[in-house]
Amino acid sequence: MPQTLRFHLNDRLIEDRSVRPTTTLLAYLRENLHLTGTKEGCAEGDCGACTVVLLDADAPGGPSYRAINACLVLLPMVQGRRVYTVEGLRDAAGGYHPVQEAVVRELGSQCGYCTPGVVMALFEACYRKDLREPWQLDDQMCGNLCRCTGYRPIRDAARAVAATCPEDQFSRTLREAGSDSMAFARTEQTRSYATPASFAELWAVLAARPQSRLICGGTDLALTLTRRYQDLPELVSLEGLPELRGVAQVAGGWRIGATTTLADLEAACLAEMVAYVPLLRMLRYFASRQIKNRATIGGNLCNASPIGDLAPVLLGLGARAELRSAAGVREVALDEFFLAYRQTALQPGEILAAVRVPDIPANARAAAYKVSKRRELDISTVGAGFYVELDDSGRVSLVRLAYGGMAATPARARHLEAALLGKPWSIAQVEAALPALAHDFQPIDDLRGSAWYRGLVAANLVRGFVRETELVALPNLSQRPSGTVHLEVLP
Amino acid sequence: MSTPTSPLHGPSRHESAHGHVSGAARYVDDLPAPGGLLFGLPVGSPVARGRLRAVGCEAALAVPGVHAVLLARDVPGHNRIGAIVHDEPLLAEDELYAVGQLVALIVGESVAVCRAAAKVLVLAVDEAPAILSIADAIAADSYLGSPHVMRRGDVAAALARAALQLEGELASGGQDHFYLETQAALAIPGEDGALEIHSSTQHPTEVQVATAEILGCDRNRIVVQVPRMGGGFGGKESQATHFAALAALAALRLRRPVKVWLSRELDMQMTGKRHPFWSRWRAGFDAHGRLTAFEVFTYADGGWSVDLSPAILDRALFHLSNAYYIPNLRFEGRAVRTNTASNTAFRGFGGPQGMLVIEDAMTRAAERLGIDPAELRRRNYYGAEALQGDDTPATPGAIEVDAPLPEGELDERVLASLRDRALTPYYQSVEDCRLPRIHRELLAQADYAARRAEIEAFNARSPLVKRGLGFMPVKFGISFTNAVLNQAGALVLIYTDGSVQLNHGGTEMGQGLHSKMLAICAHELGVPERQIRVMTTATDKVPNTSATAASSGSDLNGAAVQLACAELRERLRPLAAELLGVAAPEQVGFVDGQVGVAGGPSISFAELTRTAWARRISLSAAGYYATPGIVYDREAGRGKPFHYFAYGAALTEVEVSGLTGEHRVLRVDILHDVGRSLLPNIDRGQIEGGYIQGLGWLTCEELVWDPRGHLLTHGPSTYKIPAVGDAPEDFRVTLLSSAPQVNVIHGSKAVGEPPLMLAISVIAALRHAIAGFGEVGVAPRLAIPCTPEAILRAIEEVCAPARATLVSAAE
């Protein structure tokens with residue numbers, strides 16, 4: 001496998017044989033290449049000042065520009081790919097790009113420090129072909145904090161440029177983009193980083209370096225380096241294995257490859273996966289566009305955080321995990337995947353290959369909820385994925401009520417489920433059953449919320465669920481919800 | 001000669017906009033690394049209170065690439081720093097007063113090397129009990145500075161005869177500045193102990209002064225430059241100084257350039273924030289909702305050192321009355337000392353915290369008296385006009401003060417102001433209260449009455465989601481309340497090709513100051529803006545400057561720029577007349593780079609400057625401005641601390657979820673008074689941005705500490721400033737028309753801080769919505785910040801009787 005890092009930056013080939021692979025793209029841009037337009041605002045993917053654009057040649061909808069947080073990208077993640085920074089947008093004659101002119105015109109910059117990141121997030125928006133819903137513009141821009149403008153001019157700039165796809169060098173580059181191998185491996189004494197290009201290589205490197213951490217989007221694991229200042233000496237990336245990426249319809253449901261990015265998943269939900277309305281509803285408030293462009297469904301599940309946003313939704317939907325190793329493939333219910341705080345059922349040498357989600361039958365009601373201090377780009381105080389099936393008499397024949405933020409792992413409210421099973425699906429019956437929830441969880445006080453708040457919200461989300469599903473089986477995104485439960489006007 | 005055009009009052013762009021959008025705009029951390037650059041990493045106290053017994057540096061010094069660990073003993077001059085009093089050791093000597101208080105600076109060849117060294121630096125510390133709240137500080141008699149008292153009349157007597165007596169307590173929280181660019185400074189040693197410092201600071205002169213004192217050298221050795229800041233908001237008024245001084249100390253010791261740059265985490269842990277306040281108050285209202293008496297005790301959490309706390313406390317007291325005339329009053333304020341980072345300036349500077357208190361009283365009085373909350377506020381505005389326009393009896397011209405006025409107060413101005421309801425608690429007269437007009441225009445254009453009715457109808461049919469509408473007027477005093485700071489300078493240099501360098505004492509942090517100065521300069525000299533270059537702010541161009549703060553940047557520096565340019569123009573005018581053969585020099589105009597007579601001959605500005613040089617006429621001039629008439633006696637609580645007042649009003653509509661306590665701001669209408677705006681779209685940006693920043697403070701931004709004083713919310717993952725989706729989709733901002741301000745540059749008004757307080761309208765809006773969940777007449781108790789949890793708690797309280805079952809279900 002190639003030991004040289006090789007990628008295009010602003011259409012110029014960069015080759016590097018010596019840089020440490022755990023160097024972030026942001027540090028490399030600023031310190032090695034002296035491109036200081038890209039800023040560090042937080043080093044945790046929560047402000048967007050470091051936003052650059054990656055050409056994702058293998059995106060499901062065809063080659064696409066993707067805004068990403070350079071602070072959480074390690075150099076081998078751009079191996080063989082094209083990266084653009086704010087310095088690379090002007091044309092050969094020195095003319096500014098339409099997104100740059102839009103920000104100037106709308107006074108979208110004041111202090112200017114967030115601006116390079118804003119410009120690059122707008123750059124992605126400019127070439128996106130899947131921007132249809134008005135909410136997608138806020139979704140596109142919510143990863144870019146601006147402390148000066150109050151966002152009105154940034155929204156106006158986004159409206160002006162989104163999906164305009166100008167016929168220019170960048171559109172041509174997209175059309176001509178071909179998939180490049182991300183294969184890379186470098187070993188130096190006790191350190192190694194490998195991006196295998198085949199399963200055979202993957203199993204070999206995992207056998208040779210059993211202590212390796214698996215990485216893909218790296219949006220969580222990179223924090224080890226950037227915020228905790230600890231080392232990640234041995235890494236194996238799954239990003240070079242195209243077989244692990246993508247959403248496919250299979251008998252009885254859908255198979256979502258583990259390295260499918262959340263942006264891919266969101267696009268699939270919007271395009272065709274009617275059954276995936278609950279997933280879409282969670283993805284709207286899942287992190288930022290930049291994070292969703294890198295983070296994967298597999299990463300979100302395998303870090304087994306109690307507040308991972310997809311876990312409760314997938315638990316509620318009854319998803320199963322497809323685990324793969326050199327020895328073969330096995331499947332476990334997601335219920336059995338989360339063992340303890342940040343512990344999963346994965347064995348050494350085993351990877352999560354895919355998540356299988358069953359179709360939602362017509363007699364089912366399902367929704368997802370997320371409550372956080374801030375609506376966008378925040379970590380859940382309480383997350384929930386609810387699912388009930390009703391029999392012909394309107395009684396609950398199957399129920400899964402899964403929560404995040406309520407226990408050490410994402411977990412189902414088994415007592416409450418038991419209290420609801422067989423009962424009519426009605427507000428009165430839910431009220432009668434809700435005391436059982438107190439036996440399911442003993443939530444904690446922390447900086448995101450008190451135990452009192454978590455307990456009350458956990459109950460109120462079920463109250464909201466039963467009301468929402470009186471109106472529609474699969475409550476969809478509302479345009480401007482005042483809360484995670486969409487009950488703007490009730491009859 | 002063409003028709004005169006001037007960039008003033010017209011559409012504009014940010015002067016650095018193209019640099020911002022292309023990455024070419026440089027900030028301190030972007031400057032090319034000078035040869036031999038080293039990096040400095042500050043190390044802070046691990047405890048909130050304690051004694052530093054020893055610092056073990058051996059292991060840190062042994063890390064390859066580490067050049068030094070600097071401690072207090074390495075400071076050659078005075079190891080003391082502080083904006084008002086020098087009460088802070090730059091590096092801790094023995095006592096430790098806050099987590100993150102500066103203890104050491106590790107200097108090494110990279111930040112990574114310094115971080116590795118920091119992990120093995122041994123701080124031997126005896127931890128002691130810490131004071132971590134205002135209540136604890138009051139109990140421990142832990143204060144900073146002396147009380148500030150304002151008084152008039154007889155509060156007790158007035159309260160006794162009030163139709164409505166209210167009392168309350170109000171706590172408001174801190175706020176991290178969260179400028180996107182963290183603190184940064186680069187110090188480069190020169191010859192003979194000289195230092196060039198590039199600092200991200202609002203106050204280059206303070207950096208210069210403090211560094212000279214730390215190093216024990218003359219101030220003329222130090223040159224401080226500010227390229228621009230990636231946001232300041234007050235957080236770089238006094239607290240950029242420490243990091244610049246540390247870089248300077250290291251640069252001088254090691255004779256190498258040294259950069260100190262803070263990670264977000266360090267920045268949030270080490271630097272001070274907006275002051276949390278706690279107040280208790282009593283208010284008396286007559287039956288028509290007019291405030292007759294107001295008594296407030298307010299306490300500001302200053303953190304561990306004085307910093308700017310006394311001035312912030314003063315401004316809080318100046319704004320306890322906000323827009324309202326109060327006949328009988330007593331305000332007493334104190335700053336308390338706690339063991340947290342030293343709290344500091346933040347946009348509004350105590351004003352927002354003060355206004356919150358009286359707005360709480362106003363909102364609750366309206367709820368209790370059943371008077372529309374906007375109308376109740378209107379009846380209390382400064383000025384006799386507030387007595388008009390409704391049927392409520394009031395006696396124009398009466399002095400409603402409940403005690404005989406002391407001898408000294410019987411002067412005519414005071415009596416006239418009392419009769420006009422125009423006397424502030426600090427005895428400055430409000431001469432031009434624009435709020436009645438703003439009130440009328442805003443409520444009409446925002447369709448206030450109809451929308452309130454619509455909301456009541458909506459709330460009646462929507463059990464789980466409620467809406468609310470909140471109104472907020474703002475009157476904000478403009479000037480540094482320390483009179484001496486109200487001065488500014490400029491230096492304008494013209495070259496013989498007609499190009500101009502513009503220097504002024506203000507710093508650019510995004511607010512558009514340079515854009516405004518550029519427009520003033522272009523207007524005065526009659527040259528196109530492209531011919532003028534605004535220079536990096538530097539202490540060797542304009543000396544002894546005040547901080548760019550108190551919203552005063554444009555007023556003060558603008559006047560200085562105008563004076564400098566006018567002097568140059570008038571110096572050139574006779575020469576121009578001579579060259580043009582015009583008998584009357586006053587007929588010569590300077591327009592668009594041409595100098596001439598309307599309809600007559602002209603020459604280019606460049607040619608004029610070339611000739612001026614040949615005739616040996618100086619082409620540079622300094623301008624200097626000092627605001628007249630500012631005076632305040634803090635002991636007496638009397639004076640004229642403000643040159644004028646800025647006014648505005650906002651109407652905020654929210655929607656609240658009764659299940660989770662989440663809310664959304666649906667629509668905001670603002671009418672704001674910026675006088676005759678220098679640059680209207682720059683001002684609009686200040687208004688919108690200030691409002692959203694205030695919204696963040698009051699809703700989503702919550703600072704959380706652990707029980708030992710460690711800040712838990714030290715990054716954007718845990719500390720949530722507003723994101724795009726928090727801004728109202730429907731955001732209507734209008735500037736008050738035809739409202740020039742006398743005696744201010746081109747009739748304009750300051751705009752930096754006042755709009756932040758418009759966001760206080762969200763509190764009234766949220767209370768309105770929350771009240772909709774309960775029985776009529778149940779007043780909500782809503783904590784600040786109004787997080788979803790705080791709102792849900794308030795909702796649960798107002799509907800406690802009806803929903804007791806739900807609460808018990810959850811518990």
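**Close-up views of a predicted two-chain model**

**View 1. Helix α10 against the sheet of chain A.** Helix α10 (residues 277-284) of chain A lies across β17 and β18 of chain A and runs at about 10 degrees to β17(A). Contact between two residues requires C-beta atoms, placed from the backbone, within 7 Å. Helices (H or I, at least four residues) and strands (E, at least two) are DSSP runs numbered from the N terminus. Axes are lines fitted to C-alpha atoms, for helices over the stretch in contact, and angles between N-to-C directions run from 0 to 180 degrees. This is a predicted model, in which local features need pLDDT of at least 70 and side-chain atom pairs count only at pLDDT 80 or more, while totals for chains, interfaces and linings use all residues. Residues are numbered from 1 along each chain as its sequence is written, and chains are lettered from A and ligands numbered from 1 in the order in which they are written.

**View 2. The open sheet of chain A.** Four strands are ordered β17-β18-β19-β20 (chain A) with antiparallel pairing; two strands pair if DSSP finds at least two bridges between them. At the edges, β17 (364-371) and β20 (411-412) of chain A each pair on one side only. Strands β18 (residues 382-390) and β19 (residues 396-404) of chain A are joined by 8 bridges in the antiparallel sense. Ala384(A) is placed opposite Tyr403(A) in β19(A).

**View 3. Packing of α15 and α16 in chain B.** Helix α15 (residues 513-525) and helix α16 (residues 553-580) of chain B pack at about 25 degrees, with axes 9 Å apart. The two helices, α15(B) and α16(B), are therefore roughly parallel to each other; angles under 35 degrees count as roughly parallel, over 145 as roughly antiparallel, 65 to 115 as roughly perpendicular and the rest as oblique. Residues in the contact include Ile520(B) of α15(B) and Val561(B) of α16(B). By class, the contact of α15(B) with α16(B) has 9 nonpolar, 5 polar and 3 charged residues. Nonpolar covers Ala, Val, Leu, Ile, Met, Phe, Trp, Tyr, Cys and Pro, charged covers Asp, Glu, Lys and Arg, and the others, Gly among them, are polar.

**View 4. The side of chain B that touches chain A.** The contact draws 70 residues from chain B and 71 residues from chain A. α18(B) gives the largest share of the chain B side, 7 residues. That side of chain B divides into 29 nonpolar, 26 polar and 15 charged residues.
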